[in-house]
Amino acid sequence: MPFWVGLHHQERKLMSHRSTPAVSGARDVQDLLLGPMLRHVDATSASIWVETARSGTVEVRCGEETWRAPTFSAHGHHYALVEVTGLEVGSVYPYSVHLDGELVWPREDGFPESMIATIDPAKKPRLAFGSCRTSIPHDAAGNRKHGVDAMRAYALSMASPEHGPWPDLMLFLGDQVYADSTSDQMREFIRSRRDIRDEPGAELKDFEEYAHLYRLAWSDPANRWLLSTLPSAMIFDDHDIRDDWNSSLSWKQDMEQRSWWHERIVAGLGSYWIYQHLGNLSPEGRAADPLWQRIKAHTGVEELDITADLHRFAERVDDAPEEYRFSYCRDWDTVRLIVVDSRAARSLDPEARALLDPPENAWLDEHMQGGFRHLLVATSLPFLLPMGLHHVEAWNEVYSSGERGPARAWLGERLRRAVDLEHWAAFQKSFQDVARWATEVADGKRGPAPASVTFLSGDVHFSYVSEVERETGSRIIQAVCSPIRNPLPRLIRYFAAALALGPAVPFGAWMARTSHVPDLPFRWDGILGPWFDNNLAILEDTEDGLVISWVTGVVEHQDHLHPRLETVEVAAIEPREG
C-alpha cells in the first residue's frame with residue numbers, strides 16, 4: 001500500500017461543513033488529458049485549469065457547491081479555466097472535477113484528495129521555486145541521464161504524513177518545457193506526424209507538438225497531484241521557445257530567415273498563453289485580458305474556437321511586445337512578489353538595447369516599492385551573476401556593439417551565442433536601472449525599507465546565494481535554484497565554478513575596464529554555493545527573516561520511482577541590525 005494512503009494534514013484542518021463526499025474514483029478519466037491545475041489563489045477565490053479530450057462543461061465541486069465553465073478550443077484542443085469564488089479566507093476545501101456531470105478527478109491512484117487552500121493574510125507565506133525541468137521518464141535510465149526530478153521527489157514527500165507545512169505557491173522560473181532539446185518520447189511523437197529529417201528536425205514545429213510536450217511534462221501521477229493541490233505561477237525563459245531567444249537583434253533576424261520560425265514562435269507564444277500565462281492572472285488581470293474577454297463573452301451553444309484569435313495575439317506579441325505584458329505582481333500582507341518577463345519584453349535595437357522595453361521598465365519601476373517585510377523580485381535570469389561572469393557579459397555587450405569595428409562585433413556575437421552571454425549583465429542599461437531601484441527600496445527611499453530585497457532566479461543550472469556589500473539599510477540578496485531536473489555535464493560544471501570563483505573575477509574586471517563598461521553600482525559576494533544538484537528551493541518568511549532551503553531527490557535501494565527528499569543547503573537571511 002502506498003505510504004501516502006490515509007494522509008492527514010495537521011496544517012490543513014478541513015471545515016466540517018465543506019467536506020466532500022467519498023468518491024470511488026473517476027469514471028471517465030480518459031476525458032481529462034491534463035490537470036486539474038490549481039493556479040491563481042487569493043483569500044476568497046481560486047482558478048482551476050484543465051485540458052479535456054472533448055468539448056463540454058467543466059465543473060469544480062466543493063461539498064454541495066459547484067462552479068462551472070464551458071470549454072474553449074484552440075487547434076483542436078479543448079481547455080477550461082473554472083473560476084471558483086465566494087470561498088472563506090484562510091480555509092481548505094477538498095474538490096472534485098466533472099465533465100458534463102461525469103467525475104474525471106480524483107483518480108484511484110493512492111494520492112490524497114486535491115485541495116484548495118485560500119490565503120490567510122495573517123499567515124507568513126511560504127513558496128517553492130526553481131527552473132529548468134526536462135520531460136524525461138522517472139525510471140533508472142531517465143535518472144541516470146538527467147538525475148532525480150526534484151519536483152517529483154517533493155510531491156512524494158508532500159503526500160506523506162511526515163511532511164511539514166505546505167507552500168502557498170509553487171513558482172516556476174522558466175524552461176518549464178524544452179522546445180529545442182527534445183526527449184526520445186517527444187521525438188517519437190514528432191516522427192509519427194512528419195519527417196524528422198526536415199526542418200526543424202527534432203525541435204518543435206507547431207501547436208500540436210507543444211501540446212504533446214506539455215502533456216509529457218505534467219502527466220506523471222505524482223507531479224499531476226502536486227499541481228492539482230499547490231497553487232502555481234510561471235514565467236518563461238528561452239527554452240520554452242528556443243535557446244538564446246531574443247538574445248540580440250542579430251539572433252532574431254537570423255531566426256526570421258528560417259522557413260519554420262514563424263510557425264514556431266506563434267505556436268510557442270500561443271501555447272504559453274493557454275498552458276502557463278492564463279493561470280498566472282488574477283481575476284482582475286483576466287478581466288482585463290483581451291483573449292479572456294473573448295472567451296468570457298461567448299454565449300453560443302457551440303464551443304468557442306479561439307485558434308484565429310490566438311494566432312493573431314501571438315503574432316502581435318512577437319512583433320510588438322510592448323503591447324502586452326507577461327509580468328505580474330502578487331501581494332501578501334507582508335511580502336510582495338514581482339515576476340518579471342525578461343525574454344519577450346526586450347528592446348533589441350542596438351541604439352536602445354534593454355532587457356525590458358520602456359513600458360515594461362516603467363511597470364517594474366512602479367512596483368519596486370517598500371512597505372513590505374520582504375520584496376521578492378523573480379526573474380528567470382539571475383540579476384546578480386557570479387562576479388566573474390558578470391564582468392565577462394558586460395564586456396561582451398560592448399564588444400558586440402560594433403564600437404570596435406564589424407569584425408570584433410561579429411566575433412562578439414558568435415561568443416554571445418556560443419556561451420549564452422545574455423543575462424542582465426549583458427544589458428547594462430537595464431542592470432543599472434534595477435540596481436538603482438533596489439538600492440532605493442533598501443534605503444527606504446520608496447516607502448518603509450523592507451528587511452530584504454531578494455531576487456529569485458534560475459536558468460544557469462547551478463544554485464547559489466549572493467549578497468550586495470552594504471553596511472546599512474536592507475539586505476539585497478540573489479538566490480538561484482536551477483535546475484529542477486536538467487544537470488550540467490561535469491566538464492561544464494568546472495567552467496561555471498571557475499567563473500564564479502578565483503582568478504576569473506579580477507580578470508573579468510580588467511576586461512570590463514578596458515572596454516569602458518559602466519562602473520558597478522555596488523559589489524556583491526557569494527555567500528553560498530555554487531552547487532549543481534537537481535534542486536527545488538523552499539522560501540519561508542519567519543520572525544527571524546527569510547529562510548531558503550534547497551532540497552533534492554535521493555534514490556535508495558534502486559527504488560527510482562520513490563526517491564527520498566534530502567536538504568542540500570539552507571540560507572538564513574536575517575534582517576540587518578539597526
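Modeller: Contact here means heavy atoms within 4.5 Å of each other. The structure under discussion is a predicted model.

Colleague: Against which elements do the buried residues of H9 pack?

Modeller: They pack against strands E5 (72-74), E6 (77-84) and E14 (304-305), and against helices H7 (261-280), H8 (283-287) and H10 (307-319). The buried residues of helix H9 (residues 290-297) are Leu291, Trp292 and Ile295.

Colleague: Why are the buried residues of H9 said to line one face of the helix?

Modeller: Viewed down the axis of H9, its buried residues fall within an arc of 95 degrees, and therefore they line one face. An α-helix has 3.6 residues a turn, so residues three or four places apart point the same way. At the start of H9, a side-chain oxygen of Asp289 comes to within 3.0 Å of the backbone nitrogen of Leu291.

Colleague: What makes the pair of Tyr324 and Phe326 edge-to-face?

Modeller: Rings pair if their centres lie within 6.5 Å, and planes over 60 degrees apart count as edge-to-face. The centres of Tyr324 and Phe326 are 5.0 Å apart and their planes stand at 65 degrees, so the pair is edge-to-face. Both Tyr324 and Phe326 are buried. They also belong to a cluster that ring pairs form with Phe236, Trp245, Tyr272, Trp273 and Phe313.

Colleague: Why is the pair of Trp531 and Trp550 called edge-to-face?

Modeller: Their ring centres lie 5.1 Å apart and their planes are at 90 degrees, so this pair is edge-to-face. Trp531 is in strand E21 (residues 524-531) and Trp550 is in strand E23 (residues 545-554), and the pair links distant parts of the chain, 19 residues apart. Trp531 and Trp550 are both buried.

Colleague: What makes Cys132 a buried residue?

Modeller: Buried means under 20% relative accessible area. Cys132 has a value of 1%, and therefore it is buried. Its place is in the loop between strand E11 (126-130) and helix H1 (140-146). Phi of Cys132 is near 70 degrees, a positive value in a residue other than glycine.

Colleague: How do you know that Asp175 is buried?

Modeller: The relative accessible area of Asp175 is 1%, so Asp175 is buried. Asp175 is found in the loop between strand E12 (169-172) and helix H3 (184-191), and its phi, near 55 degrees, is positive.

Colleague: Where is the pLDDT below 50?

Modeller: The mean pLDDT of the protein is 90, and 90% of its residues reach 70 or more. Over residues 1-24, however, the pLDDT is below 50. Where pLDDT is low, the predicted coordinates should not be read in detail.

Definitions and conventions: Residues are numbered from 1 along each chain as its sequence is written. This is a predicted model: local features need pLDDT of at least 70, side-chain atom pairs count only at pLDDT 80 or more; totals for chains, interfaces and linings use all residues. Side-chain values use heavy atoms; hydrogens and water are left out. Rings of Phe, Tyr and Trp (its six-membered ring) pair if their centres lie within 6.5 Å; planes under 30 degrees apart count as stacked, over 60 as edge-to-face and the rest as tilted. Buried means under 20% relative accessible area, exposed over 50%, partly exposed in between (1.4 Å probe, protein chains only). Helices (H or I, at least four residues) and strands (E, at least two) are DSSP runs, numbered from the N terminus. The arc is that of the directions from the helix axis to the C-beta atoms. A polar contact is a pair of N or O atoms within 3.5 Å; within protein, one must be able to donate a hydrogen and the other to accept it, and residues adjacent in sequence count only if both atoms are side-chain atoms. pLDDT is the predictor's confidence in each residue, from 0 to 100.
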